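Have the sequence and the model open as you read.

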Amino acid sequence: MKIKIPLIIVAIEDEGFHPHIHIEINSIPAILLVDTGASKTVFDSHSINDYINDIQITMHDKLTTGLGTNSMISHKAIISKIAIGEIELLSYDAVLIDLSHVNESYECLGLPKIAGVLGSDLLMQFKGVVDFNKKELMLTLKANSF
């Protein structure tokens with residue numbers, strides 16, 4: 001089944017564009033930055049409490065690379081439900097990193113904060129296609145995949 005997710009193209013001054021999608025984390029609306037260069041989907045460690053009550057955070061056993069640094073400490077938490085269009089990820093084992101530098105930049109530009117980054121792990125899993133012309137993210141859900 002093909003699922004089309006509207007893509008919001010956000011202009012970042014004269015620097016380029018950031019594609020965003022709307023999702024739900026535990027039935028609460030959230031925004032993710034779509035980043036095909038990010039190897040893993042991650043969530044902001046500072047705002048995750050907005051979506052999860054009584055969160056249980058543990059240390060991640062690996063350092064996370066990218067986002068302007070060689071390595072950063074990351075944590076893990078279970079998110080009960082993430083809805084990306086019609087796709088529901090249940091008991092999602094999420095990686096949490098500090099995205100405050102991104103959200104501070106967005107705030108200076110008058111943009112809404114992001115809850116995380118949709119990375120290539122989920123884009124590969126759901127055969128993601130980013131279509132800037134149609135302003136949509138196409139995901140493929142296999143029958144009985146969950």
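Is Lys76 buried, partly exposed or exposed? With a relative accessible area of 22%, Lys76 is partly exposed, where buried means under 20% relative accessible area, exposed means over 50%, and partly exposed is in between (1.4 Å probe, protein chains only). Before we go on, note that this is a predicted model, in which local features need pLDDT of at least 70 and side-chain atom pairs count only at pLDDT 80 or more, while totals for chains, interfaces and linings use all residues. Residues are numbered from 1 along each chain as its sequence is written, and side-chain values use heavy atoms, with hydrogens and water left out.

Let's stay with Lys76 for a moment. Its side chain meets that of Asp93 in a salt bridge, at 2.9 Å from N to O; the term stands for a side-chain nitrogen of Lys or Arg within 4 Å of a carboxyl oxygen of Asp or Glu. Helices (H or I, at least four residues) and strands (E, at least two) are DSSP runs, numbered from the N terminus. Asp93, at 36% relative accessibility, also counts as partly exposed.

Lys76 has Val95 of β10 as its bridge partner. In the β9 and β10 hairpin, two residues lie between the strands, and Gly85 takes a positive phi near 60°. β10 also pairs with β5, this time in the parallel sense and over three bridges. Here Val95 of β10 is the bridge partner of Val42.

Now turn to the interior. In soluble globular proteins, nonpolar side chains tend to be buried together. A nonpolar core is a set of buried Ala, Val, Leu, Ile, Met, Phe, Trp, Tyr and Cys residues joined through side-chain atoms within 4.5 Å. The largest such core here has 30 residues, and Ile21, Ile23, Phe43, Ile79, Ile84 and Leu118 have the most contacts inside it. Among the elements that give two or more residues to this core are β1 (2–6), β3, β4 (28–34) and α2 (120–125). β10 gives the most to this core, with five residues. Apart from it lies another core of 13 residues, including Val10, Leu33, Val42 and Leu99.

His20 lies in strand β3 (residues 16–25) and, at 4% relative accessibility, counts as buried. Leaving aside neighbours within four places in sequence, His20 is in contact (heavy atoms within 4.5 Å) with residues including Val10, Leu33 and Tyr106. The side chains of His20 and Tyr106 make a polar contact at 3.0 Å; such a contact is a pair of N or O atoms within 3.5 Å, where within protein one must be able to donate a hydrogen and the other to accept it, and residues adjacent in sequence count only if both atoms are side-chain atoms.

Finally, back to the salt bridges, of which there are four. One of them joins the side chains of Asp121 and Lys40 (3.5 Å, N to O). This pair links distant parts of the chain, 81 residues apart, with Asp121 in helix α2 and Lys40 in the loop between β4 and β5 (42–44).

Definitions and conventions
Pairing = 2+ DSSP bridges.
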